[in-house]
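Please keep the sequence and the model in view while reading the points below.

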Amino acid sequence: MKKKKKKLHLFLGCVLVAAIAIFLFPDKNIAMQADHPHLGQLSTRTIISPINFDIPKSKQEIEAERQRAEEKVNAIFEYNSDETNRISEDLKQYLHKLAQYGSLQAQINAPGSTNPEATDTLQMKVQQASRIYEVLKQRLSITAIKPLSQNAKARDSILSVFNQMLKRGISNTLLAKTETELKLFMESYNVQDIKHLIYNKTTVAMIRDSEEMTLETSAIQPLQRRIDESFAQLQQAFPSDQGLQSAFYEVLYVFSLPNVFYLEKETSARKAAARDKVTLIKGMIPRGMEIVKQGDPITKEILEKMEALQQAQQKEENQRTLTAPFGQSIILALIIIAFFFYFFYNETVRKFKSPRQLWSLVLLAVIQLVSFWAVHYLSNSLNRPEAMVLPEGVDFMWLYPFAFTPVIATVLFNYRLGIAFSVLSSMIFGILNGYDLAATITVLAVLIISLVPLTKIRYRVQFIYAIIVGILSMSAAISIMFLLRNRMSFEAFYQTLIAASANFAVCIAIASAFFVHLMERIFGITTVLTLMEMSDFNRPALKRISELAPGTFHHSIQVSNLAEKVAESIEANSLLVRVMALYHDIGKTMRPEFFTENQKQGINPHNSLDPAQSVKIIIGHVTQGYALAQEYKIPELVAAGISEHHGTTTIQYFYHKALEAAKEDPTKVVKLEDFQYKGPKPQSKETAILMLADIIEATSRSMSNMDSEALQEMIHNTIQGRFNEGQFSECNLSVRELFKLEQAFLRSLDGTYHTRVKYPGQK
């Protein structure tokens, strides 16, 4: 990727991240916390109120007082006199008809009623009684009509008891103290549903004839209980007459209706009015009053006064054009600019080959900002007393995910970029905690120490080491913060340490289990963990090489061992070189018999081919290998070793063979470019090392003299030859590093081919 293009993408990313940071954190309260002390800290100065201001109640206090005011409001019921009279009159008229019916029945059944002279009159009475009976049976059964129509005392008793019941009131709503009480009531009376109110107060308000009075809650009873009460009275009056008792019960259930009604809207309106009467302030501080003296500890009351003063001053500042958020926006912009400015000169970023990899840095920065914003946005609700999320002594600051992207950046790229994200994360962390310099420094120290186990990560267990180191360093950081704020206590310390450790462990767990893999997939980044997985010989691509081209597989292993040792001498990525070496000749599996290491019993198929045809097969293993790399989804970083390990070198054997054939046939034209690999030349130190290791390993196996002088000469000539051909012109490999490589190759091969002691009988 060209330098200008890289700068353009970094500039656009910087603008985007700065805009997001300013959009997410314009909160004036954050900016104004710079002069805001912490609970338990000793005041660094005496503070005098410069203005008159009110001390507002907190949202929690206001809500608690409103709740108490609402609970003081009694449930309101209304005694409906009109409904009472209607119900009473309904029963009274029915009983009157019962009396008429009973009187007619008595007259019809009286002695002498069958006298022929009274036949017409009797017939009229029968018809009249029949009409009344038709009306009566619409409400009651014959078993209830007969005894009541014949007993005037019973009719008077039930009317009296019924009117007493109406006077006491029949509620349309059951008042139950608990859900259990409600359930027992419904089971007792075998009802499926009933209008109810869960009510724990001992009194209710009753409106009767436009007058309001207070009654005991027990005075409000539903229909079922009033019927039971009235029936018990009637049983006492007529204890031995089962027929009348059955009739009484039937009358009560047929004619009883509620005449006391729960006024839900009125009750809600009074509760709302009671809530509205709660004042929003708890006191007033006059101008010139001392809020806190220098050296005094900061208590909750003092914090409330200082926060109230801050809010009052902010109201005055609202009239100004330039206020704290503008300063905060400038600071955030400067931090983001400095963060991206570092990328212009970072060696790792310079190696990025595509804009997609550059934008991975932008996304990581955005993820860190958004994660901070999400936790900051939830902080108010999580800190509420009723939420019961954190103990009182725990600092919420330790729940910010400050370790999230530094861990991801270290694993994806390297320790230096991890430190860059650590600086960004710790500075945003300090800003969110009221521009707290101590918080910024301690968190940065925690991150720098915690990322050390992730440097050159090879195994996932190193994430566990990072968590352990992080928790240990976190304990020191929390101790420092508590000492600075004069809040050191064992209970607050261990509670805060548990919360901070859980946060740190969750950040690393999410980063290692999800985000690292996701970022690899999205942005084409290959991490050390992926390289370790790719070096497993059970991978499909490596199994293909071992099965189809065992000689090539053995050669690849030898090259990988040699290249890995050599790469460490110039601090190149030794693991990457090793993995590239394992896959670099995968293209030979297409036609393995055409490559020397796979030929058996001296059969060489090139003997029957024209040099030009042989060269096409040899050169083809590069392009075919790259195609196989895409098929097996080998990362681009590793696949580069396949396409670059021969660069644009010439296949000397077949080139000279073609030249000799051209001498015998002058019509043949031999072009050098036809016998050269198509490249590209090595683009990195790692592919350059692979190129050298490949040719040096192959050449060493064909040598008969393996002493140090012969090996040194071969290595020097090989490196010098590739250098003279310009194969290293496109990678950042220096002459000094080539010299180191020459010494490293010699040490490695000299150790491999050192002279062994001859055993007895060995020639």
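**Selected structural features**

S614 is in contact with H606, L609 and F654, leaving aside its neighbours within four places in sequence. The model under discussion is predicted.

**Residue S614**
- S614 lies in helix α25, which covers residues 611-631.
- The relative accessibility of S614 is 1%, and S614 therefore counts as buried, since the term applies under 20% relative accessible area.

**Helix α26**
- Helix α26 spans residues 636-644, and seven of its nine residues are buried, so the helix is largely enclosed by the rest of the structure.
- The buried residues of α26 are V638, A639, A640, G641, I642, S643 and E644.
- These buried residues pack against four helices: α21 (528-534), α24 (574-583), α25 and α28 (685-701).
- Helix α25, one of these packing partners of α26, is also the helix in which S614 is found.

**The four-stranded sheet**
- Four strands form an open sheet in the order β7-β6-β3-β8, and their pairing is mixed.
- The edges of the sheet are β7 (211-216) and β8 (260-262); each has a single partner strand, so one side of each is left without a neighbour in the sheet.
- From one strand to the next, the twist averages 30°.
- Strand β3 (residues 76-79) pairs with strand β6 (residues 203-208) in the parallel sense, over four bridges.
- Within this pairing, F77 stands opposite M206 in β6.

Technical notes
Residues numbered from 1 in each chain as written. Predicted model: local features only at pLDDT ≥ 70, side-chain atom pairs only at ≥ 80, totals over all residues. Heavy atoms only, no water. Helix = DSSP H or I, 4+ residues; strand = E, 2+ residues; numbered from the N terminus. Buried < 20%, exposed > 50% of the residue type's maximum accessible area, 1.4 Å probe, protein only. Contact = heavy atoms within 4.5 Å. Pairing = 2+ DSSP bridges. Axes fitted to C-alpha atoms, helices over the stretch in contact; angles between N-to-C directions.
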